[in-house]
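Reader: I am new to this structure. Please show me how to read it, one feature at a time.

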Amino acid sequence: MAPLLLLLFLSLLPAAAVYLCCVRRYTGSAGAVLRRREPGRAEARGRSPLQDPWAPRLCGSGLRLFVHAANTAFGQIFLLPLLMRLNNLSLMRSLDIHEDPTFIPEVAAEVTEDKSEAKSTSDIIEQLIDGRSDSASNGFSFKGIKDYLECYRSGKLTPSQVAKNIIAVLEDCDKSTPPLRAIVQWDQEQIMLMAEASTVRYRNKCTLSYLDGIPVCLKEEFKVVPYHHRVGTVYLGTEPETEDATVAKKLREAGAIIIGVSNMHELGTGTTGCNPNRYHKIPRNPYKPNHFTGGSSSGSAAAVAAGLCPVAIGTDGGGSVRIPASLCGVVGLKGTFGRISSHGSLPLSYSTVSVGPICTSVADAAIVYSILAEPDPLYPYGLKQPKATLSDMCAPDLKGLKLGVDWTFFKACDAEVLSICEKAVEHLQSLGASVVEVSLPEMEEVRIAHVICILSEMRDFLQPDFNKHFQEMNLDTRANLALASQFTALDYITANRQRTRSMRFLQEIFTTVNCILTPGVASTAPRIYESDLLTGSNDLSFTVQSMRFMQLGNFTGIPGLVVPIGYSTAGLPISFQVMAKWWDEAVLLRIGLKLEQFRYQTKKPSIYYDILA
């Protein structure tokens, strides 16, 4: 009997295959049910709750096997669709959204009465420099712009002497065990040329700006003369760069000393900073060198936290400034979409990426922001932005400000993170601000739609590289781009319809509150394992956790600021995030100054170089 059944099964198999492949409709189903979204009306809370991802942490041989399988027909037809279903990445396919898509989250500035500021931006900056005091005045404090300026103005040190100290530190930090790997390209001659020119300006009392003589680094994603524009890879930037990105040019014009370009997650495709290729290696978290820095602006945050420079510039498409700043215990600002020019950086994701500074303090972030934030004729977005101001930043309290909190969303983090962040909210209340409970609608839809937009845009831009340099890419990058291949044009358009909805919801919310509060990152920095140093790793669970509070800002273009507010029991930094309406970075900086007062102590990182000592 059994042989007969087996024979019958085998005889029916070709017919079933022919039916499935050549007869049955594949392009849709009459029985499919789409959940209609009413235009302008938020879906009821609870319909699409935030979902924790399902995917094992992959490294070593397991990662190699997965990447190989994901890029085969089996992987594309069976494995990755299964992974998408398990992680809710096909959510947008079940929605019927009628709003027109918004492909670029550019928002016109509000027309307001022209009121001259009580104080000019330069007056406010002088007040910040004169009045800045770290929370740990008797203990450790990061050396910031104020400290450098005091040394230069008093004659205690010159920019040339500082540059020599930096060169000595750059030589030392990558000989240490483990190597820091924050700055991946630097040139002694270039550093000294900029420093000597600044020294002359200080001697002649004709400095160019508050950044004159201040050491800065830029993420390798930016073009910076004369370095290789590798963007974290081994195959890009084969020749030294001959043209500066706009931000690099502006920093030079301000008199800053560019000490080099900083490490990054390859092509910005991850949030750990794990980049094991031969030109980069994995940057270490200065607070705990066996932990990741976060990414993708990993080296920028590590350089600031380790004291190599008080200012670094990064890009943020899914938290890539704010995540590493949070995990390394420093300040990170993502401006409004288009606020700071991205011209001269690799356009990996044109609709989600903003440029921003990583700094030792909120005051330093304000100074850098005031210099970099303006329209750029070479960059198509932000051309009609309002003038960047620091209005009311130095107000003595927060009276009159309404701070929005969606407590259900706020609490989607580790218990240790939540405990400190709740106390930070109480601190802001004690300074006169009122806390208003708000509802951030459809956050699971925002999460999925942002992933679709950023991965689709990266996959589109990197298509030639994916074909030609596949074997030279890190395993993690190949895995992410293989997943990106699953998204369709329909997915991308629906995601951008969701963007329209989410931006309208935010516009309504910002009529009732001045800003939105969340934790910075939902967890602390993850550990580096030995296998990560060789093959890298792919940790979807951490990626989702780290981006949870970041994606809304990238997806809709609103600005966000992260400020360190404490430490875990293991000594790892914990940060707090403030987001505001488009073009209102000033209120972020005002609240950020008060958050710094909440941090009762600044712990000294395990790896720290005092350049001014």
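Author: Start with the elements. Helices (H or I, at least four residues) and strands (E, at least two) are DSSP runs, numbered from the N terminus. Here the protein chain has 21 helices and 15 strands. Phenylalanine 549 sits in the loop between H19 and H20.

Reader: What kind of model is this, and how are residues numbered?

Author: This is a predicted model: local features need pLDDT of at least 70, side-chain atom pairs count only at pLDDT 80 or more, and totals for chains, interfaces and linings use all residues. Residues are numbered from 1 along each chain as its sequence is written, and side-chain values use heavy atoms, with hydrogens and water left out.

Reader: Is phenylalanine 549 buried or exposed?

Author: Look at relative accessible area. Buried means under 20%, exposed over 50%, partly exposed in between (1.4 Å probe, protein chains only). Phenylalanine 549 has 1%, so this residue is buried. Across the protein chain, 60% of the 613 residues count as buried.

Reader: Which residues does phenylalanine 549 touch?

Author: Contact means heavy atoms within 4.5 Å. Leaving out residues up to four places away in sequence, phenylalanine 549 touches residues including Arg322, Phe409, Cys413, Ala522 and Met579. Take alanine 522. It is 27 residues from phenylalanine 549 in sequence, and 7.6 Å away in space, C-alpha to C-alpha.

Reader: What share of contacts joins residues at least 24 apart?

Author: Count contacts between residues at least 6 apart in sequence: 81% of those in the protein chain join residues at least 24 apart.

Reader: Which residues of H19 are buried, and where do they pack?

Author: Helix H19 covers residues 540-547, with Phe542, Val544, Ser546 and Met547 buried. The buried residues of H19 pack against helices H10 (322-327), H14 (443-461) and H20 (551-556).

Reader: How do I read strand pairing?

Author: Count bridges. Two strands pair if DSSP finds at least two bridges between them. E14 (residues 560-567) is mostly covered, with eight of its eight residues buried. Three bridges link E14 to E8 (residues 331-334), antiparallel. There, leucine 333 has leucine 561 of E14 as its bridge partner. Seven bridges link E14 to E15 (residues 573-580), also antiparallel. Tyrosine 567 is the bridge partner of proline 573 in E15.

Reader: What lies between E14 and E15 in their hairpin?

Author: Five residues lie between the strands, and glycine 571 takes a positive phi near 85°.
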